[in-house]
Amino acid sequence: MRVSSVTLRNFRNYIDQFIKPHPAINIITGPNAQGKTNILEAIYYSLRGRSFRAEKDKDVISWQSEQTLLQTEVEYAARSFTIQWKIREGNKKLLVNGAENPRSELDHFGVVLFCPDDLHLIKGSPQERRHFLDYDAGPLNPTYSRSWRQYARVLTQRNTLLKEIRDRRANQEMLEIWDEQLYRHGARVIFLRLQVLKKLIPVARSIHHRLTQGSEELQAKYLSSLVLEPGLSEDQIYQIFASASQKVRHLEIQRCQTLLGPHRDDLSLAINGIEAKTFGSQGQQRTVTLSLKLSQMELWHKEYGDYPVLLLDDVLFELDRNRQSMLLDKVQDKVQTFITTSFTGGIEEVIRGDGALWLVNEGRLSKKEEF
Ligand SMILES: Nc1ncnc2c1ncn2[C@@H]1O[C@H](COP(=O)(O)OP(=O)(O)OP(=O)(O)O)[C@@H](O)[C@H]1O
Ligand SMILES: [Mg+2]
């Protein structure tokens with residue numbers, strides 16, 4: 001998959017910018033706070049329909065304007081797609097090849113992002129790892145995002161109802177309607193997560209083994225709030241969810257919270273048998289994250305026969321030389337890659353293969369050279 005052009009109008013600090021990225025490596029340099037990450041954010045937004053760092057959509061609209069326009073051309077599976085977003089406060093609209101489209105249309109486009117915040121994946125709360133399951137691993141199955149959004153919607157409505165029941169503004173029987181949907185979408189989400197992890201974990205383990213020259217074994221396991229044995233069908237997960245949920249119903253009403261389900265699950269990560277939370281070094285955390293991101297990229301390729309676009313925000317030059325070259329070997333000639341860095345010296349020593357060097361200055365991007 002390739003991004004062949006991006007137009008940003010009133011996106012963050014870009015007023016009007018057109019870019020024709022290089023099909024291989026794009027290195028975006030410049031001093032701090034000029035707009036390097038904003039470019040990656042624009043590409044990510046185009047392909048995912050949300051930012052990876054804004055809390056609200058309106059945050060990406062330029063302070064000087066009321067509306068953002070993002071237009072991205074993508075080449076994928078021998079076809080061209082024009083993805084257009086119009087973003088206003090409280091309202092955003094997607095057009096794909098000129099036709100109004102549901103967001104799920106984007107679920108086929110692959111993008112892998114690795115940014116400094118991803119390091120929380122290892123030491124952070126279970127929520128950070130669920131974020132990885134929902135936004136990184138899950139979408140390796142094109143139906144995941146839709147199932148997950150349906151589950152999230154039911155969950156919010158059920159929690160509201162739990163509160164109404166506690167306050168005696170609704171009666172308990174009303175829960176049944178939501179329960180059935182909760183179990184159905186919840187079982188689907190768990191089932192898809194397990195399916196994806198079954199493929200992803202072996203790839204991540206082998207990449208991690210190579211990145212650490214055989215010194216570290218990565219272990220990853222899905223931790224569910226339900227008691228699940230390996231190899232269960234979606235229907236069996238539904239039954240287990242339903243029966244466990246009945247047992248905590250009173251507590252759920254007391255707390256106004258749904259206590260079981262995929263929104264309570266976690267991913268256990270360990271190196272050589274030691275749980276992630278106790279990993280000492282930043283470098284180890286970065287390597288585990290890198291292994292997971294690269295496995296995401298490899299699995300996408302296996303599933304769809306093409307590589308996703310790779311976005312590396314301030315992470316490449318923070319790796320040691322050995323990991324840098326392993327990463328670059330993996331992407332060379334195959335993966336369109338966007339790398340931001342404020343680092344200026346010695347880029348040519350690290351980068352091999354074809355690409356373009358871009359310079360950002362106060363919301364303007366210009367091509368410095370091709371290599
Ligand atoms: N909605 C917005 N409208 C206009 N400018 C914005 C908006 N949001 C952020 N900015 C500006 O964008 C700039 C930050 O851009 P970005 O995060 O891309 O910088 P960067 O080049 O990646 O910097 P660093 O090297 O520190 O990571 C800041 O100057 C910020 O003030
Ligand atoms: Mg940045």
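Ala, Val, Leu, Ile, Met, Phe, Trp, Tyr, Cys and Pro count as nonpolar here, Asp, Glu, Lys and Arg as charged, and the others, Gly among them, as polar. Keep that in mind as you explore this predicted model.

**Stop 1: the second largest cavity**

Select Val6, Ile19, Pro21, Asn26, Ile28, Ile39, Ile43, Phe338, Trp358 and Leu365, which line the second largest cavity. By class, this lining has 9 nonpolar residues, 1 polar residue and no charged ones. Now colour β3 (25-29) and α1 (36-48): each of these elements supplies at least two residues of the lining. The space inside the second largest cavity comes to about 50 Å³.

**Stop 2: the largest cavity**

Next, select Arg48, Gly110, Val111, Val112, Tyr135, Asp136, Pro139, Leu140, Gln296, Trp300 and Pro308; together they line the largest cavity. The elements that give two or more residues to this lining are β8 (111-114), α3 (126-137) and α8 (282-304). The volume of the largest cavity is about 70 Å³, and its lining divides into 7 nonpolar, 2 polar and 2 charged residues.

Where does the largest cavity lie? Colour domain 1 (1-110 + 308-371) and domain 2 (123-280) separately: both give residues to the lining, so the largest cavity lies between them. Altogether, the structure has 3 cavities of 30 Å³ or more.

**Stop 3: rings and a charge**

The charged end of Arg50 sits over the ring of Tyr135, 3.6 Å from its centre.

Select Trp300 along with Tyr76, Phe81, Phe109 and Tyr304, and you will see a cluster linked by ring pairs.

The structure holds 10 aromatic pairs. For one of them, pick Tyr44 and Phe52: their ring centres are 5.4 Å apart and their planes stand at 90°, so the pair is edge-to-face. Are these two residues buried or exposed? Both Tyr44 and Phe52 are buried.

**Stop 4: the largest pocket**

Finish at the largest pocket, with a volume of about 510 Å³. To find its middle, select Leu194, Lys198, Tyr222, Pro230 and Gly231, which lie nearest the centre among the 17 lining residues.

Which element gives the most to this lining? Select α5, which contributes 8 residues. Both α5 (175-211) and β9 (218-223) supply at least two residues each. By class, the lining of the largest pocket has 10 nonpolar, 3 polar and 4 charged residues.

Methods
Residues are numbered from 1 along each chain as its sequence is written. Chains are lettered from A and ligands numbered from 1 in the order in which they are written. This is a predicted model: local features need pLDDT of at least 70, side-chain atom pairs count only at pLDDT 80 or more; totals for chains, interfaces and linings use all residues. Side-chain values use heavy atoms; hydrogens and water are left out. On a 1 Å grid over the protein atoms alone, a cavity is a set of points where a 1.4 Å probe fits but cannot get out, and a pocket is an open set with protein on both sides within 12 Å along at least five of seven lines; lining residues have an atom within 4 Å of a point. Grid points are joined across faces, edges and corners, and a volume is the space filled by probe spheres set on the points. Helices (H or I, at least four residues) and strands (E, at least two) are DSSP runs, numbered from the N terminus. Rings of Phe, Tyr and Trp (its six-membered ring) pair if their centres lie within 6.5 Å; planes under 30 degrees apart count as stacked, over 60 as edge-to-face and the rest as tilted. Buried means under 20% relative accessible area, exposed over 50%, partly exposed in between (1.4 Å probe, protein chains only). A charge sits over a ring if NZ of Lys or CZ of Arg is within 6 Å of the ring centre and within 35 degrees of the ring normal. Domain bounds come from an automatic or database domain assignment.
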